[in-house]
Amino acid sequence: MLVIRRDLVDAMVAHARRDHPDEACGIIAGPEGSDRPERFIAMDNAERSPTFYRFDSAEQLKVWREMDRNDEVPVVVYHSHTATEAYPSRTDVSYASEPDAHYVLVSTKDPEQHELRSYRIVAGVVTEEPVEVVESYMFAHTGSDDTPDCR
Amino acid sequence: MAVTVSIPTILRTHTGGKKSVEAAGTTLAQVIDDLEANHGGLKARLVKEGSLHRFVNVYVNDEDVRFAGGLEASVKDGDTVTILPAVAGG
């Protein structure tokens, strides 16, 4: 299950709407081992395409180094589908390389109502998971440590 | 000629869990061959049919080698080679 704050969901949807009809992509970083998405990072789609996305390689290196320094991992890897449903394509599955990440798909096919779904993709196998949207992580079970976020 | 190679999570099964390893060579191709000699299986994850696999990004220091000669990119003593999974899809 993906437990995620509402403001982060809103940020992904807003990014997807903004870049429509091109695909939007990005990550939400979180502390290693926490399974808790916290830091929203919209990435450039180097392909600027309605049917394909690829993180810009220079931007990716910069962001990955930042995460390394902060002991963070990409808890969520998201992208949008602008003409099809929010289900991983064959290409999405072939590139999926983070077995611990939640792969979030946002469909902007319908101009009024977006569709947002989350998946695990491990060794080519796609498993959909429920998404629980919370106002704060303080009262939510957020994975292995289950420590309330008391900052 | 020793360089430090940073290994992504997905490939650490080949390095006994290590985040970075040392390798030798004056081109990226030589570095990858040296990696393969010590960490069997890595090369097949990085190279396909004589060029870099589309599923990975490889950087020498800060430069994506796709724009710097690919496997023929030159490396020198003290350089850092960073391997990251390409994040892409349709």
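This is a predicted model: local features need pLDDT of at least 70, side-chain atom pairs count only at pLDDT 80 or more; totals for chains, interfaces and linings use all residues.
For the complex as a whole, the predictor reports an ipTM of 0.91 together with a pTM of 0.90. In chain B, the mean pLDDT is 95, and 99% of the residues reach 70 or more.

Turning to chain A, an unreviewed UniProt entry carries the annotation "domain: MPN", which covers residues 2-125 of that chain.

Where the two chains meet, 17 residues of chain A are in contact with 14 residues of chain B, a contact being counted when the C-beta atoms, placed from the backbone, lie within 7 Å. On the chain A side, the elements that give two or more residues are the strands β4 (53-54) and β5 (72-81) and the helices α2 (57-69) and α3 (90-95). Of these, α2(A) provides the largest share, with 5 residues. Sorted by class, the side of chain A that touches chain B has 8 nonpolar and 7 polar residues, with 2 charged residues besides.

The contact also includes strand pairing between the chains, in that β4(A) is joined by 2 bridges to strand β8 of chain B, residues 88-89, and the two strands run antiparallel. Within this pairing, R54(A) has A88(B), in β8(B), as its bridge partner.

How values were computed:
Residues are numbered from 1 along each chain as its sequence is written. Chains are lettered from A and ligands numbered from 1 in the order in which they are written. pLDDT is the predictor's confidence in each residue, from 0 to 100. UniProt positions are given in the numbering used here, feature names are shortened, and annotations may be inferred rather than shown by experiment. Helices (H or I, at least four residues) and strands (E, at least two) are DSSP runs, numbered from the N terminus. Ala, Val, Leu, Ile, Met, Phe, Trp, Tyr, Cys and Pro count as nonpolar, Asp, Glu, Lys and Arg as charged, and the others, Gly among them, as polar. Two strands pair if DSSP finds at least two bridges between them.
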